[in-house]
Amino acid sequence: MKGASQTLSTFDGQERRSRIRFPISLSVRYVVVGQQEIEGTGRTVNISSNGVLMTSAQEVPPGTSISVVMEWPILLDDFCPLALHIHGKVVRSEPVLGQSLIAVRFSTCELRTQPKPPDQVRILPKWLVRSR
């Protein structure tokens, strides 16, 4: 299995990256809007300040605009979940081991707070809620 994880972490060919990539596996959701709308989930393989390499069940062709939401591994103030919202272009796509590796160059990225899952929401007592 060592070969499989090594295959996922690299593309064959000349190195084009100008920034250091950091290996990290995080959950992602993505949407491609165009002639055909594609939605899916995957995992990051690595990330830099300019882009992300991620897995996908679908092949997404280079040049495609894509929106990606990545669950951030750190809570704001140890309480509030965060997600990195990315808009960018697919610069490379390659089938590997029954899935696709997609390299996305960021156009914009923004760290946003996320709602807590319903099982983690704490209901405040009525006396703490001010009426208007």
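This report walks through the fold, surface, pocket and contacts of the structure above.

## About the model

The model is predicted: local features need pLDDT of at least 70, side-chain atom pairs count only at pLDDT 80 or more, and totals for chains, interfaces and linings use all residues. Residues are numbered from 1 along each chain as its sequence is written, and side-chain values use heavy atoms, with hydrogens and water left out.

## Overall fold

Let's start with the big picture. The protein has one helix and seven strands, where helices (H or I, at least four residues) and strands (E, at least two) are DSSP runs numbered from the N terminus. Read from the N terminus, the order is α-β-β-β-β-β-β-β.

Of the 132 residues in the protein, 34% are buried. Here buried means under 20% relative accessible area, exposed means over 50%, and partly exposed lies in between (1.4 Å probe, protein chains only).

Strand 7 covers residues 99-113, and several residues discussed here belong to it. Ile102 has its place in strand 7 and counts as buried because its relative accessibility is 0%. The C-alpha atoms of Phe106 and His87 are 6.0 Å apart, while the two residues are 19 residues apart along the chain.

Another buried residue sits in a loop. Val60 is found between strand 4 (51-56) and strand 5, and Val60 is buried because its relative accessible area is 0%. The C-alpha atoms of Val60 and Val90 are separated by 7.4 Å, and these residues are 30 apart along the chain.

## Loops with exposed residues

Asp77 has 68% relative accessibility, so it counts as exposed. For background, most residues other than glycine have a negative phi.

The loop between strand 6 and strand 7 holds Leu97, another non-glycine residue with a positive phi, this time of about 50 degrees. Leu97 counts as exposed because its relative accessibility is 58%. Gly98 lies in the loop between strand 6 and strand 7, and with a relative accessible area of 85%, Gly98 is exposed. The C-alpha atoms of Gly98 and Ala57 are separated by 7.8 Å, with the residues 41 apart along the chain.

## A nonpolar patch

Trp72, Ile74 and Leu111 make a nonpolar surface patch of about 280 Å². Patches are made of residues with over 30% relative accessible area and no salt bridge, joining like charges within 9 Å and nonpolar side chains (Val, Leu, Ile, Met, Phe, Trp, Tyr) within 5 Å. The areas come from the Shrake-Rupley method with a 1.4 Å probe, and for residues only the protein chains shown count as cover. Leu111 lies in strand 7 and is partly exposed, with a relative accessible area of 43%.

## The second largest pocket

How much space lies in the second largest pocket? About 150 Å³. On a 1 Å grid over the protein atoms alone, a pocket is an open set of points with protein on both sides within 12 Å along at least five of seven lines, and lining residues have an atom within 4 Å of a point. Grid points are joined across faces, edges and corners, and the volume is the space filled by probe spheres set on the points.

The lining includes Arg29, Glu71, Trp72 and Gln114. Strand 5 (65-71) and strand 6 (82-96) each supply at least two lining residues. By class, the lining has seven nonpolar residues, one polar and two charged; Ala, Val, Leu, Ile, Met, Phe, Trp, Tyr, Cys and Pro count as nonpolar, Asp, Glu, Lys and Arg as charged, and the others, Gly among them, as polar.

## The salt bridge

How many salt bridges are there? The count is one, taking a salt bridge as a side-chain nitrogen of Lys or Arg within 4 Å of a carboxyl oxygen of Asp or Glu. Glu110 pairs with Arg112, and their closest N and O atoms are 2.9 Å apart. Glu110 counts as partly exposed at 43% relative accessibility, and Arg112 is partly exposed with a relative accessible area of 35%.

Definitions and conventions: On a 1 Å grid over the protein atoms alone, a cavity is a set of points where a 1.4 Å probe fits but cannot get out, and a pocket is an open set with protein on both sides within 12 Å along at least five of seven lines; lining residues have an atom within 4 Å of a point.
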